[in-house]
Amino acid sequence: MKILVCMKQVPQKDAPLKLNENGSWIREDVSYEVNEPDAYALEEALRQKEKHGGEVVAITAGPARASQVLREALAKGADRAIHLEDPAFVTLDALNTARAVAAAVKGESFDLVFTGLQSDDYGFAQTGVILAELLGWPHATIIMHIEKNDAGIRVKRELEAGFFQFVQMPLPAVLTIQSGINKLRYATLIGIKQAKNKPLRKVTMAEVQAALGPNLQVLEKLYIPQKTKKTEKLEGPASEVAKKIVEKLRNQARVL
Amino acid sequence: MANTILVVAEQHEGKLNRVSFETVKAAQDISAAKGWPVHAAVAGGGIEQVAGEIAAMDVERLHAIDSPALAAYTPDGFAFALNRFIADTSPQLVLMPHTYQVRDFAPKLATALGRPLISDCIGFKTEGDRLLFTRSMFQGKFAADVSFACGAPWFATFQNGAFRGDQARRAASPRAVELFSIDLPESVIRNRPEAPFKEARQAVDLTQADVIVAVGRGIKEQKNIDLARDLAAALGGEIAASRPICDSGWLPMDRQIGSSGQTVAPKLYFALGISGAIQHVVGMKGSRTVIAINKDSEAPIFEVADLAVVGNLFDIVPPLIEEIKKARA
Ligand SMILES: Cc1cc2nc3c(=O)[nH]c(=O)nc-3n(C[C@H](O)[C@H](O)[C@H](O)COP(=O)(O)OP(=O)(O)OC[C@H]3O[C@@H](n4cnc5c(N)ncnc54)[C@H](O)[C@@H]3O)c2cc1C
């Protein structure tokens, strides 16, 4: 199976985020990592390839720094990578991001496209589904298991409130992958070394521009949400904090 | 034609998803600001009864988009049916709850109509004539105001809990349900869904626990979970976790709290190193007292906490266990 994995670089989970001067975006001087469900999507693609043969291609859209997620993907076993490289990709809405990805892989024939189910930054939860619509392919979201069969694939969708559902679908198809679908691997030293010789194709904004349009949803302002609740804050030396928590456990929670 | 707001309510197997009332409330509030009347629709197969439940709400018109081909949910079927319905009724604004099902078909529907979807909104604002939607970003650390730069129809989804469903205005007398039948060619639907099921019965029922100590990724390593276990033991409570902890296999899945785990409302919910993502919070916000320890003073979990302990859990928890033991002795 030939699988395309869409991956995004997002600020590290623990990174202290600050707004930029005009409140249009965060300050870029933070550490980045791969968006978590995208890491699971890559892992699943590698596992499918190990079972059924084929090729795994990783793609990302973002500034130069984002090539790090592609290098990691190549080190873990992806065969090649595509980098839509331009800082402006960060500002695209989900529709334009999907259009850019579709344009970058035009002419290729994938059996499957994987994306993470949403990103930690925008959290649109849309890019994969939109991409399916643009390609004219069926899709399924929040996937926790994939098995190939004669008619295509049978996937397990996570539903709400502890429910799941199997869905049979034809190929080619787009799947959005949920964290926890598998256990992530680490890159090996050999993998990291081999990655250096694997193809990484760069695609400029100019090359896909014709496929894009203006963002039809406009992010006007980013800000720190107003606190709706006055929460009692407790800080200080651990031993004093511990005593105060115990007071709370006794007097308010009444569990002591 | 006058601008209207269309609420797409959600049903599963003939049962209305209660979160639909939150969307009705959002629509009524926007209606109050903009003067646009509220219509509602529900799609499925044999859904008269569900439509009846919505009919109790104060909406101007109510449609049942009914077809045997919609009896089992598929993104192809729902996107096709709603596309037809929207073409027929031309709403200005289409509102839906940000559920798993809506996430599955709404981006497809909007894209087919060449329109964007502002997803996972937590509110709206008006600025003069303009309507802005507020959505949370960066896992709740920031919010953003977002506007549409295109004509109708506009699509937006609202996060679970963003509006109070119990405050949705009821109708004096129930609306008549207008049937919208649709001819849905079989070839449209490519996916073959099987019946939804639950995984084998859960070994632990956390809903019965009075005290829950929940750990998140702030616990850093699997072996540190013992620290949380000790705290739970000192308090006579159960241990639970955020999703990433269960994804890593550090605790079994049946200890997960949140939208894809258990929903609990104990007397005390003690959150250790949990950031407070919405998918976690929906599973524990009904707790009577919430105490959270987090080293980040801006962590969203503090929004639902009664006591926000800002600090390193590894410094605070060991002396806390000692203090609890003393208090219990
Ligand atoms: C469709 C869907 C369904 C989901 N379902 C669920 C669900 O059911 N349950 C769930 O929990 N999640 C769910 N998630 C995931 C959710 O979005 C979050 O990613 C997850 O809850 C984050 O877990 P966390 O708070 O443990 O980790 P993080 O967000 O990484 O937070 C770790 C926190 O620990 C703090 N910390 C770090 N070190 C220390 C220290 N030494 N002392 C004190 N604090 C420290 C940090 O400041 C941070 O706030 C779902 C996501 C999606 C998209």
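Helix 4 of chain A passes helix 4 of chain B in a right-handed crossing; a crossing is right-handed if the near helix is turned clockwise from the far one by less than a right angle, and left-handed if anticlockwise. Keep in mind that this is a predicted model, where local features need pLDDT of at least 70, side-chain atom pairs count only at pLDDT 80 or more, and totals for chains, interfaces and linings use all residues. Residues are numbered from 1 along each chain as its sequence is written, chains are lettered from A and ligands numbered from 1 in the order in which they are written, and side-chain values use heavy atoms, without hydrogens and water.

Let us stay with that first pair. Helix 4 of chain B covers residues 100-112, and its axis lies 8 Å from that of helix 4 of chain A, at an angle of about 45°. Axes here are lines fitted to C-alpha atoms, for helices over the stretch in contact, with angles from 0 to 180 degrees between N-to-C directions. The pair is therefore oblique, the class left over once angles under 35 degrees count as roughly parallel, over 145 as roughly antiparallel and 65 to 115 as roughly perpendicular. From chain A come A:Val129, A:Ile130, A:Glu133 and A:Leu134, which meet B:Arg103, B:Asp104, B:Pro107, B:Lys108, B:Thr111 and B:Ala112; contact means heavy atoms within 4.5 Å.

Now turn to a pair inside chain A. Helix 3 (residues 94-104) and helix 4 (residues 127-135) of chain A have axes that come within 9 Å and cross at roughly 55°, so these two helices are also oblique to each other. Their crossing is right-handed. The residues of this contact divide into nine nonpolar, two polar and one charged.

Stepping back to the whole interface, 85 residues from chain A and 85 residues from chain B take part in the contact. About 7,500 Å² is buried between the chains, with 55% from carbon and sulfur atoms; buried area is the accessible area (1.4 Å probe) that two parts lose on being put together, summed over both. In chain A, A:Glu160, A:Leu216 and A:Tyr223 lose the most area to chain B, together 8% of what that side buries.

Finally, have a look at A:Val167, in strand 9 (residues 163-169) of chain A. Its contacts beyond four places in sequence include A:Ile153 and A:Arg154, as well as B:Asn191, B:Arg192 and B:Pro193. A:Arg154 is 13 residues away in sequence, with 5.5 Å between the C-alpha atoms.

How values were computed
Helices (H or I, at least four residues) and strands (E, at least two) are DSSP runs, numbered from the N terminus. Ala, Val, Leu, Ile, Met, Phe, Trp, Tyr, Cys and Pro count as nonpolar, Asp, Glu, Lys and Arg as charged, and the others, Gly among them, as polar.
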